[in-house]
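Please keep the sequence and the three-dimensional view at hand while reading.

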Amino acid sequence: MNKIVYMCFTTDIIHSAHVNIIERAAALGDVVIGVLSDEAVAGYKHFPLMSYKDRFNIFSHLQHVSRVVEQKTVSYAQNIRELKPDYVVHGDEWKNNYERPVREEVLALLQEYGGELVEFPYDSSQEYTRLEKAVRAQLAIPDRRRGRLRELLELKPLITAMEAHSGITGLLVEETKVITGGTARQFDAMWISSLCDSVAKGKPDIEVVDFSSRLRTVDDIMEVTTKPIIMDGDTGGLTEHFVYTVKTLERIGVSAVIIEDKVGLKKNSLFGTEVRQTQDSIEHFCDKIRAGKRAQKTKEFMIIARIESLILEMGMEDALQRAFAYVKAGADGIMIHSRQKKPDEIFTFVEEFRKIDKSTVLVVVPTTYAVVTETELMERGVNIVIYANHLTRSGFPAMKRTAELILQNKRALEADSLCMPIQDIITLIPED
Ligand code: SPV
Ligand code: MG
């Protein structure tokens, strides 16, 4: 019987280097290809340009390929246990990159029955780099980017978004990945927080940073990233202005805008009732949603209505009544906000809402109730979790401490350990 050679491909473009490595692998035995699921590719690399079905089909028709199977996660465990391949073949680059834990697990699994890992030199040809760049450019095109939030919502039960307020924080959200428990994880989307955009400019979060300035931030981020963008639209302003906002955002490729049901001088929700804030009437806010939906030109863009009833202590009944009214007015999603330390009121809202509405997208922002886990939220029917201000809040303590250390020591050495090595910054920012 021929030996079994197993290879997993994470790629969503197939090129000659892949064909060459398959040909080399075929010299060892019958090649079985594992194709990563769309969800796993999205976590591991970027949103797949080519779907799982298409990739599966192409690999099935390649010369030297005996069989194609699905690999559901970046971990090879399930497929190695089922197939017991004599060889696993991979490029040698994973010895030293973030895939190391996956490699180590493969080695341990092969050792259980005497299988062997064969590593071919990694093909880092310019052609490959060029193709990767081409994929990114495609993903960044506004017409492709806009619909990606809806595509992800189809693909995954729970989407995570991290705040970005500049090109560099956008890149951090774009590039940060971890492998944990056999799964590769990245943030799915970016949140353009009014709080963080204002703080970056040293201004309060009261809609004083105007829409043109907010757009400038979005553009800086869009220029260097590909992930879908959720815009914090504050109150949406006057209905007559909001219709223009919708058209502008969807034209530039933003996926969703979230507007909150407050009127007059808006202040940050986390102040709660410590400051004067006025909630909009249901009728007026519904009119705003309806006008926004009418102004929208594409099918993909989403208008999400944010309910401030729990923040303003107006009660659960009010929050639920508003949620159903906003959905009826055409909102594509509901964001329910809370400033409690525990997630209980969010759980109650989500459970009550889901008794009646099984499908409308539900969004939460667990800043004060940070104890809650994504799994707890997902199990109750939440679809999007936004980490609304964490890059802003984590960056400043290090900057402040660095400034203090340099003043105290009259030199920079003592602050060095707080600073990112210049080499890392250079790697984070790719040159064309
Ligand atoms: C923001 O990030 O600007 C938000 C969320 O609107 S919160 O700050 O919690 O109100
Ligand atoms: Mg805000």
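Lys95 and Glu119 form a salt bridge, with 3.8 Å between their closest N and O atoms; the term denotes a side-chain nitrogen of Lys or Arg within 4 Å of a carboxyl oxygen of Asp or Glu. Because Lys95 sits in the loop between E4 and helix H5 (100–113) and Glu119 in strand E5, the pair ties together parts that are 24 residues apart in sequence. This is a predicted model, in which local features need pLDDT of at least 70 and side-chain atom pairs count only at pLDDT 80 or more, while totals for chains, interfaces and linings use all residues. Residues are numbered from 1 along each chain as its sequence is written, chains are lettered from A and ligands numbered from 1 in the order in which they are written, and side-chain values use heavy atoms, with hydrogens and water left out.

**Salt bridges**

- The structure holds 33 salt bridges.
- Lys95 is partly exposed at 34% relative accessibility, and Glu119 is partly exposed at 22%; buried means under 20% relative accessible area, exposed over 50%, and partly exposed in between (1.4 Å probe, protein chains only).
- Arg146 and Asp143 meet through their side chains in a salt bridge of 2.9 Å, N to O. Arg146 is buried at 5% relative accessibility, whereas Asp143 is exposed at 56%.
- Another salt bridge, 2.9 Å from N to O, joins the side chains of Asp197 and Arg214. Asp197 belongs to helix H10 and Arg214 to helix H11 (residues 211–224), so this pair ties together parts that are 17 residues apart in sequence.
- Asp197 is buried at 0% relative accessibility, and Arg214 is buried at 4%. Through shared partners, salt bridges join Asp197, Lys201, Asp205, Arg214, Asp234 and Lys266 into one network.

**The open sheet**

- Five strands form an open sheet with parallel pairing, in the order E3-E2-E1-E4-E5. Strand E3 (65–71) and strand E5 (116–120) are at the edges with a single partner strand each, so one side of each has no neighbour in the sheet.
- On average, neighbouring strands of this sheet are turned by 30° against each other, direction ignored; axes are lines fitted to C-alpha atoms, for helices over the stretch in contact, and angles run from 0 to 180 degrees between N-to-C directions.
- Strand E1 (residues 4–9) runs parallel to strand E2 (residues 30–36), and 6 bridges join them; two strands pair if DSSP finds at least two bridges between them. Val5 has Val31 as its bridge partner in E2.
- E1 and E4 also run parallel, joined by 2 bridges, and Tyr6 has Val88 as its bridge partner in E4.
- E4 and E5 pair in the parallel sense over 5 bridges, with Tyr87 opposite Glu116 in E5.
- In E4, 5 of the 5 residues are buried, so the strand is largely enclosed by the rest of the structure. Tyr87, Val89 and Gly91 lie on one side and Val88 and His90 on the other, so that both faces are covered. In general, side chains of a regular strand alternate between the two faces of the sheet.
- Helix H1 (residues 16–26) lies across E1, E2, E3, strand E4 (87–91) and E5, at about 165° to E1. Helices (H or I, at least four residues) and strands (E, at least two) are DSSP runs, numbered from the N terminus.

**The barrel**

- In the barrel, 8 strands close in the order E6-E9-E10-E11-E14-E15-E16-E17, with parallel pairing. Its neighbouring strands are turned by 25° against each other on average, direction ignored.
- Strand E6 (residues 159–163) pairs with strand E9 (residues 189–192) in the parallel sense over 3 bridges, and Met162 stands opposite Met190 in E9.
- H11 lies across E9 and E10, running at about 160° to E10.

Methods: Contact means heavy atoms within 4.5 Å.
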